[in-house]
Amino acid sequence: MTSVEDARKFYAQLMAANAGSADPRLEEAFATVPREAFLGAGPWAVVAGRALATGNGKIMTPSADPVHIYQDVLVALDADKGINNGEPSLHAMWIGRIAPRLDEAVTHIGAGTGYYTALLARLVAPGPVTAFEMEADLAARATKNLETYGNVSVIHGDAVTGDLPPSDIIYVNAGVVAPPAAWLRALKPGGRMIFPWRPSQGVGLAVMVTRTDKGFACDPFMRSSFIPCVGASAAGPAAKIPDLQKAARSRSIWLTSDRAPDRTATAIIGDVWFSPQALGGERRR
């Protein structure tokens, strides 16, 4: 029989390989943070394959042995609301791409019960991690689950209307039509944000944003779909919405208060707009 420790170690190796990161600490974090501690008592409902695509149908693990959840599967946290502990390989890729460093300040939006918050906390410690979660029961579970992580604060509240602390990393796990202007302003110089961009039903992209001295560079790097972010998932009637092809060509994001949208604007949503024009002037074709 495979022990939980062996299963977690092998899982961590797989996640590190998926991440493609040169940082050995990523594998160590996946190997040392116990996923089962954030999922509640087993057996667990996992979502994979066709069920992952349709949102219907779940498979129960055969027992409460944690060995069963050290696979690349979502685990249901609140089935009625479609809230899951997300796909580990996706988060490994995202965390590897955003490259957390020691002593950086992280804001995690949509923390759920705190598993990926804990991974981020390990990677930036002693840097502070602020985790926002809208659902009261999940926020309470995250607070309990993360009580041994001295650098984490859990906030049961709305990250869209609330103030975000100055952040080196903003890690968003809920789909938005556009990142609120306040999120962009909260990024420190050199700060990075990853968010699921869903300006319309047919467009779902993971976008990496980096704050430079010239503005906000952006890179839509993969298809992605998350549950909607409350308060930031609906575009107004005046919004200019891109199709998938135009959205994928985005290279920069601007605040309308800093620069009015120009002829390159392919998306104008609230206080922000997107352009295929890179900050250095190059345009993606």
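User: In which sense do strand β3 and β4 pair, and over how many bridges?

Analyst: Strands of a sheet pair through backbone hydrogen bonds, either parallel or antiparallel. In this predicted model, strand β3 (residues 74–78) and β4 pair in the antiparallel sense over three bridges. Strands here are DSSP runs of E with at least two residues, helices are runs of H or I with at least four residues, and both are numbered from the N terminus. Two strands pair if DSSP finds at least two bridges between them.

User: What is the order of the strands in the open sheet of four strands?

Analyst: The order is β2-β1-β3-β4, with antiparallel pairing. β2 (59–60) and β4 (83–85) each have a single partner strand and stand at the edges, so one side of each is left without a neighbour in the sheet.

User: In which sense do β5 and strand β6 pair?

Analyst: β5 and strand β6 (residues 129–133) pair in the parallel sense over four bridges. I109 stands opposite F132 in β6.

User: Which residues point each way from strand β5, and are they buried or exposed?

Analyst: Buried means under 20% relative accessible area, exposed over 50%, and partly exposed in between, with a 1.4 Å probe and protein chains only. From strand β5 (residues 106–109), V106 and H108 point one way and T107 and I109 the other way; all are buried.

User: How many residues of helix α5 are buried?

Analyst: Helix α5 (residues 115–124) is mostly covered, with nine of its ten residues buried. Among them are Y115, Y116, L119 and V124. Of the 285 residues of the protein chain, 50% count as buried.

User: Why does the radius of gyration agree with a compact globule?

Analyst: The radius of gyration is taken over C-alpha atoms, and the globule rule is 2.2 Å times the number of residues to the power 0.38. For 285 residues, a compact globule would have a value near 19 Å; the protein chain has 19 Å, which agrees. Along its principal axes, the C-alpha trace spans about 60 × 40 × 35 Å.

User: How many helices and strands does the protein chain have?

Analyst: The secondary structure comes to eight helices and 14 strands.

User: Which conventions apply to the numbering and the values?

Analyst: Residues are numbered from 1 along each chain as its sequence is written, and side-chain values use heavy atoms, leaving out hydrogens and water. Because the model is predicted, local features need pLDDT of at least 70 and side-chain atom pairs count only at pLDDT 80 or more, whereas totals for chains, interfaces and linings use all residues.
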